[in-house]
Amino acid sequence: MIYFDNSATTQVSPEALQTYTTVSQQIWGNPSSLHNLGEKADNLLNQARAQIASLLKVQADEIYFTSGGTEGDNWAIKGTAYEKVQFGKHLITSEVEHPAVLNTMAQLEKQGFEVTYLPVDKKGQVNPADLKAALRQDTILVSVMAVNNEIGAIQPIADLAEVLTDYPKVHFHVDAVQALGKGLGEMLTHPRIDLMTFSGHKFHAPRGIGFMYKKRGRMIAPLLAGGGQEKNLRSGTENVPAIAAMAKAMRLLLTGEEAHVANQQAIRKMIYDHVTQFDKVTMFSGLDQGFAPHILCFTIDGVRGETIVHAFESHDIYISTTSACSSKKGTISGTLNAMHIPEKVATSAVRVSLDENNTLAEAKNFIQVFDQLYEKFLKINS
């Protein structure tokens, strides 16, 4: 099997799974309990928090555990909106965000908030000048993803942050779900970022666990009321086994990150160089520094994306249409739509997404199968 759908989810690493199992069996107390079992769980929870903070180069008290990227995005956006509503009701995001951001913004619009959606260029990137033009006195939040989950475009976070230096009271949220371990550490440590959201299952941790970075001094309202965990900001008994496994997975991911990124770049280039030779292929991802090392999005003109996905699956190769969250709904790529790609073309889009475990041998296998399928599709369409 060749698994090229890592932007949808990754396989839990054996080491993270072992940590999850060990903690579940041996340190199963509630971290809020006063007795020794609770204290052991609380100590491990704090160790995991400190390790994640150290890897992200922030302070331990700036890390909050969540159930994943969707909750994190909802919390960052709604939490800011509800906390700062007395200062304004204007929010800014881009047209190419993940549904967890776009649908949250849509909910807030129904509650009386106003949202400005920044356009993108032909590379799927926001122009910082558009952000500057959109900012108002009543703007309270800007939310822009680090890496687009459909085509791999890297947003100019540093340039956007520079624009926001003149607006210190505006929260700057970055959805970093696709960015961890992709050689973008300098971007993710920018001091102007106030909130960042991460999801464990994108880097070999179990599903249902994630974390948020919240800069000291930035106030957001809690979404979940209850027992007051996570400093009264995210109630609910902490999933200590999954949190410990996530910390382990993150450490492993960032160990040798430079080599991992180089490997993904080499695989991506091999596939890119080959498939772009074909007349019926339209490529939306690039090889330059404006794109993340692990994502390629392209079409075979005249063939629907789901047809291409299933054709590769018949050869035990797993890719996807653009976003896993919309693939089964049959909707076209929101990113390609925002880039003004015609619907007829966008419905053919598929995504190859890599991780550090993929190999050049797998890329060669993919290329061989691609050649067979391309000829088959060409005959059918002719």
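**Sheets, Loops and Salt Bridges**

Tutor: Let us begin with an open sheet made of 3 strands in the order S9-S10-S12, with antiparallel pairing. Please keep in mind that this is a predicted model.

Student: Which strands are at the edges of that sheet?

Tutor: Strand S9 (281-283) and strand S12 (349-353) are the edge strands, and each of them pairs on one side only. From one strand to the next, the twist averages 30°.

Student: What packs on this sheet?

Tutor: Helix H15, residues 360-381, packs on the sheet and touches S9, S10 and S12. The direction of H15 makes about 20° with that of S10.

Student: And how many bridges link S10 and S12?

Tutor: Strand S10 (residues 295-300) pairs with S12 in the antiparallel sense over 5 bridges. Within this pairing, Phe 298 stands opposite Val 350 in S12.

Student: Let us move on. What is the strand order in the sheet of 7 strands?

Tutor: The order is S2-S8-S7-S6-S5-S3-S4; the sheet is open and its pairing is mixed. Its edge strands are S2 (63-66) and S4, each pairing on one side only. Here the twist averages 20° from one strand to the next. Helix H4 packs on this sheet, touching S3 (90-94), S4, S5 (139-143) and S6 (171-175). The direction of H4 makes about 155° with that of S3.

Student: Is S7 buried or exposed?

Tutor: S7 is mostly covered, since 5 of its 5 residues are buried. Both of its faces are covered: Leu 195, Thr 197 and Ser 199 are buried on one side, and Met 196 and Phe 198 are buried on the other.

Student: What does Ala 176 touch?

Tutor: Apart from its neighbours within four places in sequence, Ala 176 is in contact with Ala 146, Leu 188, Met 196, Thr 197 and Phe 198. Ala 176 lies in the loop between S6 and helix H7 (185-188).

Student: Why does Ala 176 count as buried?

Tutor: Ala 176 counts as buried because its relative accessible area is 0%, and the cut-off for buried is under 20%.

Student: What about Phe 113, is that residue buried or exposed?

Tutor: Phe 113 is buried, with a relative accessible area of 7%. Phe 113 lies in the loop between helix H4 (99-110) and strand S4 (114-118). Leaving aside neighbours within four places in sequence, its contacts include Ala 81, Val 85, Gly 88 and Ile 140. Phe 113 and Gly 88 are 25 residues apart in sequence, and their C-alpha atoms are 8.6 Å apart in space.

Student: New topic: how many salt bridges does the count come to?

Tutor: The count comes to 12 salt bridges. One of them joins Asp 288 and Lys 123, whose closest N and O atoms are 3.3 Å apart.

Student: Which salt bridge involves buried residues?

Tutor: The side chains of Arg 192 and Asp 194 meet in a salt bridge of 2.7 Å, N to O. Arg 192 counts as buried at 9% relative accessibility, and Asp 194 is buried with a relative accessible area of 0%.

Student: And what about one within a helix?

Tutor: Asp 273 and Lys 269 meet in a salt bridge of 2.6 Å, N to O. They are 4 residues apart in helix H10 (residues 257-275), so about one helical turn separates them.

Terms used:
Residues numbered from 1 in each chain as written. Predicted model: local features only at pLDDT ≥ 70, side-chain atom pairs only at ≥ 80, totals over all residues. Heavy atoms only, no water. Helix = DSSP H or I, 4+ residues; strand = E, 2+ residues; numbered from the N terminus. Buried < 20%, exposed > 50% of the residue type's maximum accessible area, 1.4 Å probe, protein only. Contact = heavy atoms within 4.5 Å. Pairing = 2+ DSSP bridges. Axes fitted to C-alpha atoms, helices over the stretch in contact; angles between N-to-C directions. Salt bridge = Lys/Arg side-chain N within 4 Å of Asp/Glu carboxyl O.
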